[in-house]
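Welcome to this short tour.

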Amino acid sequence: MSRALMNARCRSAEPIGTATLSGWRFVINPEGFGSIAPQPGGRVHGVLWRLSARDFAAVNAYESVNAGLYVRRRLAVRSGEAQATALVYIARRQGEGVPRPGYIPLVVEAAREWQLPEPYIRALARWAPSRWRGARAKDTGEVG
């Protein structure tokens with residue numbers, strides 16, 4: 001998520017830095033939004049945030065945790081040389097879908113803002129709907 005979007009939803013959220021989650025891959029869930037799915041050898045890149053209790057409640061509401069769309073899990077991530085435990089939101093309904101209009105450009109823009117690895121950004125961009133989509137990361141064997 002971009003810094004501006006996160007600050008609009010969670011006023012006191014502080015970015016800790018970028019992080020990597022191993023053994024998972026980015027997917028678009030059947031509702032058209034981002035999630036993750038287990039994949040041996042896979043890697044998801046993202047940003048760690050420090051949240052206040054109010055920010056945490058805002059994220060839970062936004063991610064529809066109480067409505068059952070997403071579940072929270074604590075997973076081990078790597079941030080630089082440090083290992084940490086992060087709270088991660090995962091779509092309850094498994095499977096792949098088509099991204100909602102305008103969704104992937106926001107994801108790619110945020111990935112560029114946080115300077116995530118370029119091969120990973122290209123893999124995210126492949127989720128964008130078009131007449132010819134090309135192969136996605138899981139189809140090409142890219143894992144990071």
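What follows is a walk through the chain, from its overall layout to a few individual residues.

## What you are looking at

This is a predicted model, in which local features need pLDDT of at least 70 and side-chain atom pairs count only at pLDDT 80 or more, while totals for chains, interfaces and linings use all residues. Residues are numbered from 1 along each chain as its sequence is written, and side-chain values use heavy atoms, with hydrogens and water left out.

## The overall layout

The chain has five helices and four strands. Here helices (H or I, at least four residues) and strands (E, at least two) are DSSP runs, numbered from the N terminus. Read from the N terminus, the order of the elements is α-β-β-α-β-β-α-α-α.

Of the 144 residues in the chain, 40% are buried. Buried means under 20% relative accessible area, exposed means over 50%, and partly exposed lies in between, with a 1.4 Å probe and protein chains only. Among contacts (heavy atoms within 4.5 Å) with a separation of 6 or more, 59% join residues 24 or more positions apart.

## The hairpin of strands 1 and 2

Strand 1 (residues 14-28) pairs with strand 2 (residues 34-50) in the antiparallel sense, over 13 bridges. Two strands count as paired if DSSP finds at least two bridges between them. Together strand 1 and strand 2 form a hairpin with five residues between them, and G32 in that turn has a positive phi of about 95 degrees.

To follow the pairing by eye, start with L21, whose bridge partner in strand 2 is V44. S22 has R43 as its bridge partner in strand 2. R25 also belongs to strand 1, and R25 counts as buried because its relative accessibility is 18%. Although R25 and R43 are 18 residues apart along the chain, their C-alpha atoms are separated by 5.7 Å.

## Helix 2 and its two faces

Helix 2 covers residues 53-62, and its buried residues are D55, V59 and N60. Seen down the axis of helix 2, the buried residues fall within an arc of 140 degrees, so they line one face of the helix. The arc is taken from the directions from the helix axis to the C-beta atoms. As background, an α-helix has 3.6 residues a turn, so residues three or four places apart point the same way.

The buried residues of helix 2 pack against strand 3 (70-79) and strand 4 (82-91). On the face turned away from the buried side, helix 2 carries the exposed residues A53, R54 and A61. Just after helix 2 comes S64, with a positive phi of about 55 degrees.

## Helices 3 and 4 side by side

How do helix 3 and helix 4 pack, and at what angle? Helix 3 (residues 103-113) and helix 4 (residues 118-125) pack at about 175 degrees, with their axes 9 Å apart. Helix 3 and helix 4 are therefore roughly antiparallel to each other. For these values, axes are lines fitted to C-alpha atoms, for helices over the stretch in contact, and angles run from 0 to 180 degrees between N-to-C directions. Angles under 35 degrees count as roughly parallel, over 145 as roughly antiparallel, 65 to 115 as roughly perpendicular and the rest as oblique.

Helix 3 has I104, V107, V108, A110 and A111 as buried residues. Seen down the axis of helix 3, they fall within an arc of 160 degrees, so they line one face of the helix. These buried residues pack against strand 1 and helix 4.

V108 is found in helix 3, and V108 is buried because its relative accessible area is 12%. Which residues does V108 contact, leaving aside its neighbours within four places in sequence? V108 touches I121, L124 and A125. From V108 to A123 there are 15 residues in sequence and 9.5 Å in space, C-alpha to C-alpha.

Is Q115 buried or exposed? Q115 is exposed, with a relative accessible area of 70%. This residue is found in the loop between helix 3 and helix 4, and Q115 has a positive phi near 55 degrees in a residue other than glycine.
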